[in-house]
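Subject: Structure handover and notes on salt bridges

Hi,

Here is the structure you asked about.

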Amino acid sequence: DIYGVIYRPSDFSPDKSYPVIDQSMIGHISTAVARSSFRTGAEMSYAQAACLAELGFIVVQIAGRGGIYRSKAFHDESYGWKDCGCDIDDHVVAIKQLAERYPSMDLDRVGIAGLVGGNGALLGLLHYPDFFKVGIAGEIFDFREMRAGAGDMHEGPTTNPNKKYPEELVENLNGKLMIMIGLLDYVLPAAGFRVVEALQRAKKDF
């Protein structure tokens, strides 16, 4: 089973059409779904998603395969390729199924926000350029250069055909991308700057 939460604006009307934001946290040490209204910890926050919804969006948080708080088999989905934690493939399928149930979700206007924790927005735009139209990427990281406590230093073997780092996929970018790089974080800025350099070489606007 895949779990998630939907946030709607307080003045929501089922007769209107709303752009959709996938608030994404891609990582094997956290979950992309808030566990309660006022909880903070190793999961996406309730407050941030609720605030985005008040701006006129339908916001979804989806805990795809590879994340924590589930069985070992569920967690093992991200073994060998940590960027697939909370699998972005599951997000796309879930949003499409939700839109069939809730027609007020406009699938022609889907964005992805990875403001905290992982490369979700970047991977969404690069792997699904026809689905995600806009992305905001914060804290672009690379497990090859992370401290040991943040992720496995050695990712292990994998047969995952999607095991490519973001800078290898920049040619796929079609949507609008905003990148934020913080210099005072345990996430080293080098990974973000590598993506910036690759985008510039590919002559992509961002």
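The side chains of Asp 90 and Arg 65 form a salt bridge, with N and O 2.8 Å apart. Asp 90 sits in helix α3, while Arg 65 sits in the loop between β3 and α2, so this pair ties together parts 25 residues apart in sequence. Please keep in mind that this is a predicted model.

How exposed are the two partners? Asp 90 is buried, at 12% relative accessible area. Arg 65 is partly exposed, at 29%. The cut-off for buried is under 20%.

Asp 87 forms a salt bridge with Arg 65, and the closest N and O atoms are 3.7 Å apart. Asp 87 lies in the loop between α2 and α3, and Arg 65 in the loop between β3 (58-63) and α2, so the pair ties together parts 22 residues apart in sequence.

Now for Asp 87 itself. Its loop runs between α2 (72-75) and α3 (88-101). Leaving out residues up to four places away in sequence, Asp 87 touches Gly 64 and Arg 65. The Asp 87 side chain also reaches the backbone nitrogen of Asp 89, at 3.0 Å.

Which residue forms a salt bridge with Glu 167? The partner is Arg 194, with the closest N and O atoms 3.2 Å apart. This pair links distant parts of the chain, 27 residues apart. Glu 167 is in the loop between β5 (134-138) and β6 (176-180). Arg 194 is in helix α5, residues 190-201. Both ends are partly exposed: Glu 167 has a relative accessible area of 21%, and Arg 194 has 28%.

Back to the earlier residues. Arg 65 takes part in the bridge to Asp 87 and in the bridge to Asp 90.

How many salt bridges does the structure hold? The count is 5. Among them are Asp 90 with Arg 65, Asp 87 with Arg 65, and Glu 167 with Arg 194.

Best wishes

Definitions and conventions
Residues numbered from 1 in each chain as written. Predicted model: local features only at pLDDT ≥ 70, side-chain atom pairs only at ≥ 80, totals over all residues. Heavy atoms only, no water. Helix = DSSP H or I, 4+ residues; strand = E, 2+ residues; numbered from the N terminus. Polar contact = N/O pair within 3.5 Å; in protein donor to acceptor, adjacent residues only side chain to side chain. Contact = heavy atoms within 4.5 Å. Salt bridge = Lys/Arg side-chain N within 4 Å of Asp/Glu carboxyl O. Buried < 20%, exposed > 50% of the residue type's maximum accessible area, 1.4 Å probe, protein only.
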